[in-house]
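Here is a friendly briefing on the places in this protein where space opens up or a ligand sits. Have the viewer ready and follow along.

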Amino acid sequence: MTHDKVSDIINEARTASKVILESLDRDKKILIISHMDADGISAAGILGKALFRTEARFCIRIERWLDEEVINKAYSQSGGDTLVIFTDMGSGYLDVLCAKAENRETIILDHHQPIGKPKETFIHVNPHLLGIDGAREISSAGIAYLVAKSINENNIDLSHLAVIGSLGDLQDKYDERRLGGVNEFIVSDAIRSGLLAVEIDLLFFGRETRPIHKALAYTTNPYIPGISGEEDRALAFLSELNIELKRNDRWRALRDLTSDEKRKIFSALHNYLISKGFKSEVAMNLIGAIYILVKEGSWTPLRDAREFALLLNATGRMGVPGLGVAICMGDRSATYEEALTVLEDYRHTITKYLKWLNENPDRIEEWESIYVLHGEKDIDEKSISAISTIITMNLPKPEKPLVAYSFMPKERVLKISARTTDSIARMGLNLGEIISMAAEKCLGIGGGHDIAAGAQVPYEQKMQFLKHVDSLVKEYMVRMKRGGS
Ligand code: C5P
Ligand code: C5P
């Protein structure tokens with residue numbers, strides 16, 4: 001990451017912070033509209049905390065996606081003297097925003113690929129406009145953090161939340177699953193302020209909190225068929241390796257294991273994955289950088305930044321994002337206890353769907369250029385995004401993107417979640433563009449990143465939409481093979 005890119009985005013963040021500070025001087029209210037996933041929730045938490053510290057009058061609303069209805073509500077329900085800030089949403093829907101905003105002051109802090117043109121009066125901070133990769137180098141929480149730090153340097157103590165947001169959006173795409181680009185600069189802020197430590201270890205889920213067999217069973221990146229989601233099988237796997245699971249009547253966690261024990265487990269899992277037909281690189285995902293939030297209690301899911309992100313995702317997807325925002329803002333009271341229950345429910349839901357898919361493999365079809373996961377009414381719209389991410393890691397032909405959908409009967413709308421792999425996206429396949437184009441043709445809306453995109457499309461358009469995506473992916477692939485993307 002060049003120093004220039006970091007200073008470019010800091011400069012943009014400064015412009016946004018100036019507008020916020022001016023609004024506060026004029027005693028304006030602030031409305032923050034943010035996205036329902038870990039990144040959106042952390043972004044809202046960062047700005048919320050920064051504004052709380054200035055004693056501003058503000059309100060946070062978390063939405064599952066941006067559409068005309070949400071935009072109308074944002075402008076109509078807040079008075080003309082309210083500054084509206086969109087975080088983790090907005091850049092993909094600039095034309096709709098322009099049409100609705102009239103002369104309302106608007107700030108957009110987003111890392112999605114921009115589509116359309118913003119109004120001249122909008123403050124639009126987006127990494128893509130500065131040649132920074134918004135899918136890998138900075139998340140929306142990262143942008144919100146730079147704005148917060150520009151409001152007041154003391155907000156450096158919110159840097160760990162930006163790390164959580166980026167990990168929630170799976171931006172750990174650099175060597176050893178590290179965060180890179182502008183994220184690296186934010187990571188160093190968090191380390192400098194004594195909030196974060198980075199270590200290399202096995203990336204089991206629940207390294208700090210769970211008995212080792214549970215941590216292994218909870219690991220879904222990479223998804224280990226026959227072990228992920230299956231505690232008994234994980235326990236049997238470790239027992240066969242003669243790993244001591246309990247010591248003095250107490251379950252051991254990953255952090256209690258010796259390096260030799262960890263090496264043994266890794267090598268067995270590596271061989272197991274290879275025997276299931278996976279490439280060595282997939283197994284290598286099991287080792288990497290752990291982001292430890294050193295101020296959080298040991299044995300809590302807030303200690304490992306990836307687990308923290310999962311907890312935020314759980315609150316969003318289970319319909320209680322306010323809990324996630326409160327936790328980001330420092331609440332560790334009953335709110336936190338409630339969030340833990342929500343996290344367990346979320347895990348069960350995801351495991352249930354994965355099992356169901358194992359039993360119903362015909363729901364994943366291979367088309368000419370894509371895989372289609374027909375979630376229909378059987379996979380809830382709130383879970384399709386996570387399921388799509390997990391399933392993508394296990395497809396026999398990783399060069400074919402996955403297009404998963406869930407049917408929302410009440411609205412008669414399809415919720416689409418499309419994913420591809422990092423290497424295919426880096427070769428030039430841009431799912432955000434493809435999904436946006438196909439959705440527009442089918443009376444829907446869509447967008448996102450090159451690697452992960454989503455859409456909402458009328459149910460009647462299902463086959464047309466899928467066929468359209470299939471042929472657009474084919475066109476991209478042909479162009480990529482010819483050498484131009
Ligand atoms: O809206 P937003 O940018 O926050 O969400 C990105 C989504 O894409 C997240 O749900 C994240 O998990 C997903 N993603 C993915 N695979 C990647 C990168 C992102 O599934 N390689
Ligand atoms: O919902 P899902 O996690 O699959 O979305 C993948 C990415 O596409 C996210 O970054 C999300 O914000 C984005 N998206 C979008 N427009 C939509 C739906 C999703 O930009 N209509």
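The second largest pocket has a volume of about 440 Å³, in a model that is predicted. On a 1 Å grid over the protein atoms alone, a pocket is an open set of points with protein on both sides within 12 Å along at least five of seven lines, and lining residues have an atom within 4 Å of a point. Grid points are joined across faces, edges and corners, and a volume is the space filled by probe spheres set on the points.

As this is a predicted model, local features need pLDDT of at least 70 and side-chain atom pairs count only at pLDDT 80 or more, while totals for chains, interfaces and linings use all residues. Residues are numbered from 1 along each chain as its sequence is written, chains are lettered from A and ligands numbered from 1 in the order in which they are written, and side-chain values use heavy atoms, leaving out hydrogens and water.

**The second largest pocket**

- Its lining counts 20 residues, with Trp 65, Asp 67, Glu 69, Ile 445 and Gln 456 nearest the centre.
- Helix H3 (68-77) and E15 are the elements that give two or more residues to this lining; helices (H or I, at least four residues) and strands (E, at least two) are DSSP runs, numbered from the N terminus.
- H3 provides the largest share, four residues.
- Eleven lining residues are nonpolar, two polar and seven charged. Here Ala, Val, Leu, Ile, Met, Phe, Trp, Tyr, Cys and Pro count as nonpolar, Asp, Glu, Lys and Arg as charged, and the others, Gly among them, as polar.
- Domain 1 (3-155) and domain 3 (361-484) each contribute at least three residues to the lining; the bounds come from an automatic or database domain assignment.

**Ligand 2**

- Around ligand 2 there are 17 residues, the closest being Tyr 93, His 112, Ser 385, Lys 415 and Ser 417; a residue is near if one of its heavy atoms lies within 4 Å.
- Polar contacts (pairs of N or O atoms within 3.5 Å) to oxygen atoms of ligand 2 include one of 2.5 Å from the side chain of Ser 417, one of 3.3 Å from the backbone of Gly 447 and one of 3.3 Å from the side chain of His 449.
- Taken alone, ligand 2 exposes 450 Å², and the protein buries 89% of that; accessible areas come from the Shrake-Rupley method with a 1.4 Å probe.
- Strands E13 (413-419), E14 (445-448) and E15 (452-458) each supply at least two shell residues, and E15 gives the most, with five.
- Because domain 1 (3-155) and domain 3 (361-484) both give residues to the shell, ligand 2 lies between them.

**Ligand 1**

- Asp 37, Asp 169, Thr 389, Arg 419 and His 449 come nearest among the 15 residues around ligand 1.
- Oxygen atoms of ligand 1 lie 2.6 Å from a polar side-chain atom of Asp 37, 2.7 Å from one of Arg 419 and 2.9 Å from one of His 112.
- Ligand 1 exposes 470 Å² when taken alone, of which the protein buries 88%.
- The shell around ligand 1 has three nonpolar, seven polar and five charged residues.

**The cavity**

- One cavity of 30 Å³ or more turns up in a search of the whole structure; a cavity is a set of grid points where a 1.4 Å probe fits but cannot get out.
- The largest cavity holds about 40 Å³ of space, and its lining includes Tyr 223, Glu 230 and Lys 355.

Technical notes: Polar contact = N/O pair within 3.5 Å; in protein donor to acceptor, adjacent residues only side chain to side chain.
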